[in-house]
Each structure stands twice: as structure tokens, then as C-alpha cells.
Amino acid sequence: MLFELRQYRCRSGKRDEFVRYMDETLIPFQASKGVVVVGCFVDEEDPDGYVWIRRFDSEEDRELIYEEIYTSDRWNTEILPAVVKMLHREESVISRLNPTPRSVIR
């Protein structure tokens, strides 16, 4: 089991729109490909901050799901262009995490 902690910076004034897009489009799309979204959060101190956590059963599972998502026509023609308009993608921080034995989330 592994997790990704994904920290994004939305373009100024775009966070509410991005949250809606995540909830209505991006997360359902990724879930349909096998991604388990553990949680999504807005930053209380940063009006442009957004964080979400994804879970994968294994590295092999993650690689297969990445292939399904990021090579799909829908991702490349619809979702990615929309995301680019709402995020500073170059400022994204993606951390890969492994839970410790006492971790509540698995």
C-alpha cells in the first residue's frame, strides 16, 4: 500500500472552481480508473492551497492506473486543459508515502 500526498497551488481566485471541478469531474474520472481518494482539503492559511491524498495497492497498481489515466483521450483533451487554467502546475508538490504500522489510514 502506498499513498500520494498532492499539494497544489490554484491560480488566484480559482480555488472554489477547482474544488468543484475536482468533486464533479476529476475525482470521479480517476476513481473510474481505480484511484482511491482518501481525502481532499483546502488550506485554511493559504487561499490558493489545495491538498489531496490518493491510495494505491502497490507500485505496480499505481503504474497501471497512471497509464490508464494519463494516456487517455479524455485526460489529454478535456481534463488536463481545464486543470491548467486553474492551477500553477509547476508549483505542485507530490510526495509518495508509505504508512507506518500505527497509521490509521491504510
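Biologist: Where does Asp-48 lie?

Modeller: In this predicted model, Asp-48 sits in the loop that joins β2 (36-42) to β3.

Biologist: Is Asp-48 buried or exposed?

Modeller: Burial is read from relative accessible area, and under 20% counts as buried. Asp-48 has 17%, so this residue is buried.

Biologist: Which residues is Asp-48 in contact with, leaving aside its neighbours within four places in sequence?

Modeller: The contacts of Asp-48 are Tyr-8, Arg-9, Cys-10, Arg-11, Ser-12, Gly-13 and Arg-15. Spacing along the chain is another matter: Asp-48 and Gly-34 are 14 residues apart along the chain, and 28 Å separates their C-alpha atoms.

Biologist: What does Phe-18 touch, not counting residues up to four places away in sequence?

Modeller: Phe-18 touches Tyr-50, as well as Tyr-8, Cys-10, Val-83, Met-86 and Leu-87.

Biologist: At what angle do the axes of α1 and α3 cross?

Modeller: The crossing angle is roughly 160°, and the two axes come within 11 Å. An angle over 145 degrees counts as roughly antiparallel, so α1 is roughly antiparallel to α3. The crossing in which α1 passes α3 is left-handed.

Biologist: Which residues in α1 and α3 meet?

Modeller: From α1 come Glu-17, Phe-18, Tyr-21, Thr-25, Leu-26, Phe-29 and Gln-30; from α3 come Arg-74, Trp-75, Glu-78, Ile-79, Ala-82, Val-83 and Met-86. By type, the residues of this contact divide into 9 nonpolar, 2 polar and 3 charged.

Biologist: Take Trp-75 from that list. Is Trp-75 buried or exposed?

Modeller: Trp-75 belongs to helix α3. Its relative accessible area is 8%, so Trp-75 is buried. Not counting residues up to four places away in sequence, Trp-75 touches Leu-26, Phe-29, Gln-30, Ile-69, Tyr-70, Leu-80 and Pro-81. Between the C-alpha atoms of Trp-75 and Arg-89, 14 residues apart along the chain, the separation is 15 Å.

Biologist: And Asp-23: where is its place?

Modeller: Asp-23 is in helix α1. Asp-23 and Trp-75 are 52 residues apart along the chain, with 16 Å between their C-alpha atoms.

Biologist: Why does Arg-62 count as buried?

Modeller: Arg-62 counts as buried because its relative accessibility is 11%. This residue lies in helix α2. Leaving aside neighbours within four places in sequence, Arg-62 is in contact with Leu-2, Glu-4, Phe-56 and Arg-96.

Biologist: Does Pro-101 count as buried or exposed?

Modeller: Over 50% counts as exposed. Pro-101 has 75% relative accessibility, so Pro-101 counts as exposed. Its place is in the segment after β4 (93-97).

Biologist: How many Å lie between Pro-101 and Tyr-50 in space, C-alpha to C-alpha?

Modeller: Pro-101 and Tyr-50 are 27 Å apart in space and 51 residues apart in sequence.

Notes: Residues numbered from 1 in each chain as written. Predicted model: local features only at pLDDT ≥ 70, side-chain atom pairs only at ≥ 80, totals over all residues. Heavy atoms only, no water. Contact = heavy atoms within 4.5 Å. Axes fitted to C-alpha atoms, helices over the stretch in contact; angles between N-to-C directions. Helix = DSSP H or I, 4+ residues; strand = E, 2+ residues; numbered from the N terminus. Parallel < 35°, antiparallel > 145°, perpendicular 65-115°, else oblique. Left-handed = near helix turned anticlockwise from the far one by under 90°. Nonpolar A, V, L, I, M, F, W, Y, C, P; charged D, E, K, R; others polar. Buried < 20%, exposed > 50% of the residue type's maximum accessible area, 1.4 Å probe, protein only.
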